[in-house]
Amino acid sequence: MKQRDLDAYRDFAMRRSGALYRSACLLTSGDTHLAEDLVQETLGRMYTAWKRKRCIDNPAAYAQTVLVRCFLTYKRRRSSGESPAVSIPDQPAPSADSTLRITLLQALAQLPPLDRTVLVLRFWEDLSVEQTAAMMRTSSSAVRTRSSRALTKLRGVLGASGLAELTAR
């Protein structure tokens, strides 16, 4: 790779890694270690694709698509449900919205991976139905249907008390 392209890739990785990490954290329901792995995998795949960058119209959107596909691939693996027998929980950073954040992450964790993916892309990343459909390799009507059903499931998981807490903020 030419030095100019290498510098452009480094700049891109520095600028986009934070946003990719935040999306990955939401996709993984707060599993920061898995989120870091997904971002690393995404950046590795972006590095190999960077040589044909002129074929990529929007590198940021392409990276987001790669992240979503890495997540879905991980969830399809048989070993994705494995967890260590003894784990040391991370200490959360003090935050004013920590209870809200924990409530949302727990509710998202109870949704199936595809439902979670649709909600994160549509409402966190603020993507259109068509953009979400393209990232997930499905039709826009499937995204609308899944989004509606996922929101219904999320409302059911949160219940009246969870929704009241969310709307009070």
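How many residues does helix H1 have, and how far does the helix reach from its first C-alpha to its last? Helix H1 spans residues 3-27, which gives 25 residues, and reaches 34 Å between those two atoms. That is close to the 36 Å expected at 1.5 Å a residue. The model described here is predicted. Its secondary structure consists of 7 helices and 0 strands.

**Overall make-up**

- Along the sequence, the protein reads α-α-α-α-α-α-α.
- The protein has 169 residues, and buried residues make up 35% of them.
- Of the contacts between residues at least 6 apart in sequence, 66% join residues at least 24 apart.
- The accessible surface of the protein is about 10,700 Å². Carbon and sulfur atoms account for 52% of that surface.

**Helix H1**

- Helix H1 bends by about 45° at Arg16.
- The buried residues of H1 include Leu6, Tyr9, Phe12 and Ala13.

**The loop after H1**

- Ser29 follows H1 and has a positive phi. The residue lies in the loop between H1 and H2.
- The phi of Ser29 is near 60°, a positive value in a residue other than glycine.
- Is Ser29 buried or exposed? Ser29 counts as buried because its relative accessibility is 17%, and the cut-off for buried is under 20%.

**The loop between H6 and H7**

- Arg137 is placed in the loop between helix H6 (129-136) and helix H7 (140-168).
- What is the phi of Arg137? The angle is near 55°, again a positive value in a residue other than glycine.
- Arg137 has a relative accessible area of 66% and is therefore exposed, as the cut-off for exposed is over 50%.

- Ser29 has a phi near 60°, and Arg137 has a phi near 55°.
- Ser29 is buried, whereas Arg137 is exposed.

Conventions:
Residues are numbered from 1 along each chain as its sequence is written. This is a predicted model: local features need pLDDT of at least 70, side-chain atom pairs count only at pLDDT 80 or more; totals for chains, interfaces and linings use all residues. Side-chain values use heavy atoms; hydrogens and water are left out. Helices (H or I, at least four residues) and strands (E, at least two) are DSSP runs, numbered from the N terminus. The expected span of a helix is 1.5 Å times one less than its number of residues. The bend at a residue is the angle between axes fitted to the seven residues ending there and the seven starting there. Buried means under 20% relative accessible area, exposed over 50%, partly exposed in between (1.4 Å probe, protein chains only). Contact means heavy atoms within 4.5 Å. Accessible areas come from the Shrake-Rupley method with a 1.4 Å probe; for residues, only the protein chains shown count as cover.
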